[in-house]
Amino acid sequence: MRTGVFYFPTEYGIETGELARALEERGFDSLFLCEHTHIPVSRRSPFPGGGELPKRYKHTHDPFVALSFAAAATKTLLLGTGVCLVPQRDPIITAKSVASLDRLSGGRFVFGVGGGWNVEEMENHGARYPTRFRLMEERIRAMQALWTEEEASFHGEFVNFDPVWCYPKPVQRPHPPVLLGGETDYTLRRVAAFCQGWFPRAGGDFDPKLARERLRRVAEGAGRDPASLSITVFRAPPEAGKLDAYREAGIERVLLEVPDLDRDGILRRLDELAPLV
């Protein structure tokens, strides 16, 4: 089992390149960056974690720009989005960003994606909450076509374009792995339909053995080989005993949280987490 981290990249935290170097030096597998393009002041959508929205949600860098600095500062560290809010992104521009980062990093990008929870945020991008998952699926399928076809086209309910040339193509073939966040049965069916991995959050009732079994059943029902679908667990517990259960269940990767601290505080926390690698 591989051990990485996730982080909200902000201007008041640690510089992303320095964080990436520190992770690679300590043997971590990967760095996944979270995304919010902006946060509407209205705050009509309640924070899913309860209480006030944490400061970091309003201060995140663009994940592709930040990950490019991480790529330039490292040689082996995997670089991921955790998660990219696809309903809020143009698929052609995003496909180019993904392919460019994958190529410039030497094939080290992992595309974690999700539908989002902030209604006002997605509405500002022209997306609607009730249809966000249908929009997300079409955009991902369109991006997969852009990554794999020399003259790609797509015609759907939300995404439409006639044959185009879109380069560069990713280093990874057929394209970087797409990991879908969420915990519902609907999420699992989408994973089996058009993704390469599942990206659940480790809530209080998360059972890694049950998670692996749920994915196996859905994959087999959809005609997919369960071995072709990975599981990366977001916000895994930073405790060796609990992580042993994840390893025994066959979880491929866990992501530990890098907290919302200043540079020195973050580096101290990495030293505390490093033995878990």
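Which residues do ring pairs link into a cluster? I found that Phe6, Phe32, Phe199 and Phe234 are joined in this way. I note at the outset that the model is predicted.

Entry on ring pairs. I looked up the count of aromatic pairs, which comes to 11. I then took the pair of Phe8 and Tyr57: the ring centres are 4.7 Å apart and the planes stand at 45°, so I recorded the pair as tilted. Phe8 belongs to the loop between β1 (2-7) and α1 (16-25), and Tyr57 to the loop between β2 (30-33) and α2 (63-72), so the pair ties together parts 49 residues apart in sequence. Phe8 is buried, at 7% relative accessible area, and Tyr57 counts as buried at 10%. Tyr57 also forms an edge-to-face pair with Phe47, with 5.2 Å between centres and 75° between planes. Phe47 is buried as well.

Entry on charges over rings. I find Arg56 over the face of Phe8, 4.8 Å from the ring centre. Arg132 lies over the face of Tyr129, at 3.6 Å from the ring centre.

Entry on pockets. The largest pocket holds about 800 Å³ of space. I list 31 lining residues, with Pro48, Val83, Gly116, Trp117 and Arg201 nearest the centre. The lining divides into 14 nonpolar, 10 polar and 7 charged residues. For the second largest pocket I note about 240 Å³ and 14 lining residues, Arg201 being one of those nearest the centre. Helix α7 (residues 208-221) gives the most to this lining, with 3 residues. Here the division is 7 nonpolar, 1 polar and 6 charged.

Notes
Residues numbered from 1 in each chain as written. Predicted model: local features only at pLDDT ≥ 70, side-chain atom pairs only at ≥ 80, totals over all residues. Heavy atoms only, no water. 1 Å grid on protein atoms, 1.4 Å probe; cavity = no way out; pocket = protein on both sides within 12 Å on 5 of 7 lines; lining within 4 Å. Points joined across faces, edges and corners; volume = space filled by probe spheres on them. Nonpolar A, V, L, I, M, F, W, Y, C, P; charged D, E, K, R; others polar. Helix = DSSP H or I, 4+ residues; strand = E, 2+ residues; numbered from the N terminus. Phe/Tyr/Trp six-rings, centres within 6.5 Å; stacked < 30°, edge-to-face > 60°. Buried < 20%, exposed > 50% of the residue type's maximum accessible area, 1.4 Å probe, protein only. Lys NZ or Arg CZ within 6 Å of the ring centre and 35° of its normal.
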